[in-house]
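Here is a brief report on one protein chain, written to be read beside the model. Keep the structure open as you go.

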Amino acid sequence: MRIALVHDWLAVQGGAERVTRELIDLFDPDVFALVDFLTPEARQEVLGGRRARSTFIQHLPFARTHFRSYLPLFPMAIERLDLRGYDLVLSASYAVAKGVRTHPGQVHLSYIHTPMRYAWVMEDDYLRDHGMHGVRGFLLRRVLNRLRQWDRANTERITCLVANSRTTADRIRTCYGREARVVHPPVDLERFTPGPAPRDHYLAVSRLVPYKRVDRIIDAFRAMPGRRLIVCGDGPERDRLMRSRPPNVQLMGEVPHEELVHLLRSARALVAAAHEDFGLTPLEANACGTPVIALGAGGYLETVVDGVTGLFFPSADGASIREAVERFERSGVRCGPDELRAHAARFGRDVFRTAMREAVDQCLTHAAH
């Protein structure tokens, strides 16, 4: 059976890319994406060294750093991918990947990280975060409205939907009126392991884009100059955050995997403030024996047990995050490192692989009838 896997865009490593890496290991597909700007190290990590077949957006001016500016062209680009000759199409989608065109006789299973956030659930936040007011805001709202219409129409053509969490399954039901099977993303317990290290800092691991709210975490630590925060990750927000960070906050950009594991092992806690659809990094922290301080919303409600494996804060603002860090310093959490790792093991790779094989088999059977 010939299998194609379509990812949205390949530019940095995050939770979505770790799911794609697992799907590649599991099904050995040919890989397609809007753009592929991975570094050699990330390419080896995510794609096993192979290169994705990309769209015309890869070759547009300034695409390497500003490909997101071509958002209105994304539907056209993804629809032009030629997937003739494949029996099964898998898409791993948080934006437009599931809009890829299939042909009669092909089966399409889409693993959905979220319905397109800025079109469906965060339109107002997206416009505010990107300073889109007045005429620009009006025009962008029209673009997003067209994206919603296109997104809903192409979802009707997909054979089977899989959601990465119950939160995402609820959104799929609301946005598209369809049911989705839930398969949680995998935690790689072999790559994220505990180890001896002095716990001397707090850690945030995130793409540096506005909705991740890393700026709010930095605000919290601005008011706690005696506590150290390390931020790992890269993205369009990096320069702005570098200029505004206080001395007790360090931005490290993308770091090699071994260094990330060391930072997770030596962190007092991981801090996460985004309203995530699932949120894999907190479980990777747990696998390293490290607790989590997270926003009490979205996917974290499925992966963090308040007071046991982590602590929740009620809203993503500096004051709430600071209060949660101080509460953590006073009382900690109930689980020790071994129990935290056992909690993460419930979301291990074997669990994911078994569930995805079943999802694909059922989808193929469903399509045959």
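Which residue in strand 12 is the bridge partner of Leu295? It is Phe313. The model is predicted, so treat every value here as computed from predicted coordinates.

**The sheet**

Leu295 sits in strand 11, which spans residues 292–295. Strands 11 and 12 pair in the parallel sense, over 4 bridges. In general, strands of a sheet pair through backbone hydrogen bonds, either parallel or antiparallel.

**Helices against the sheet**

Helix 9 spans residues 214–222. Its buried residues include Val214, Ile217, Ile218, Ala220 and Phe221. These residues lie on the same side of helix 9, because they cover an arc of only 155° around the axis. Their cover includes strand 7, strand 8, strand 9 and strand 10. Helix 10 and helix 14 also contribute to that cover.

**The nonpolar cores**

| Core | Residues in core | Members include |
|---|---|---|
| Largest core | 44 residues | Val6, Trp9, Phe74, Met116 |
| Second core | 30 residues | Leu10, Ala52, Leu88, Phe352 |

In the largest core, Val6, Trp9, Phe74 and Met116 have the most contacts inside it. Elements that give two or more residues to this core include strand 1 (3–7), helix 4 (74–79) and helix 8 (166–176). Helix 7 gives the largest share, 5 residues.

Met116 has partners well along the sequence. Leaving out residues up to four places away, Met116 touches Tyr94, Ala95, Val96 and Val121, among others. Leu147, Trp150, Asp151 and Tyr176 are also touched by Met116.

**The whole chain**

The protein chain has 16 helices and 12 strands. Its radius of gyration is 20 Å, close to the 21 Å that the globule rule gives for 369 residues, so the chain is as compact as a globular protein of that length. The C-alpha trace spans about 60 × 50 × 40 Å along its principal axes. Of the 369 residues, 57% count as buried. Among contacts between residues at least 6 apart in sequence, 62% join residues at least 24 apart.

Methods: Residues are numbered from 1 along each chain as its sequence is written. This is a predicted model: local features need pLDDT of at least 70, side-chain atom pairs count only at pLDDT 80 or more; totals for chains, interfaces and linings use all residues. Side-chain values use heavy atoms; hydrogens and water are left out. A nonpolar core is a set of buried Ala, Val, Leu, Ile, Met, Phe, Trp, Tyr and Cys residues joined through side-chain atoms within 4.5 Å. Buried means under 20% relative accessible area, exposed over 50%, partly exposed in between (1.4 Å probe, protein chains only). Contact means heavy atoms within 4.5 Å. Two strands pair if DSSP finds at least two bridges between them. The arc is that of the directions from the helix axis to the C-beta atoms. The radius of gyration is taken over C-alpha atoms; the globule rule is 2.2 Å times the number of residues to the power 0.38.
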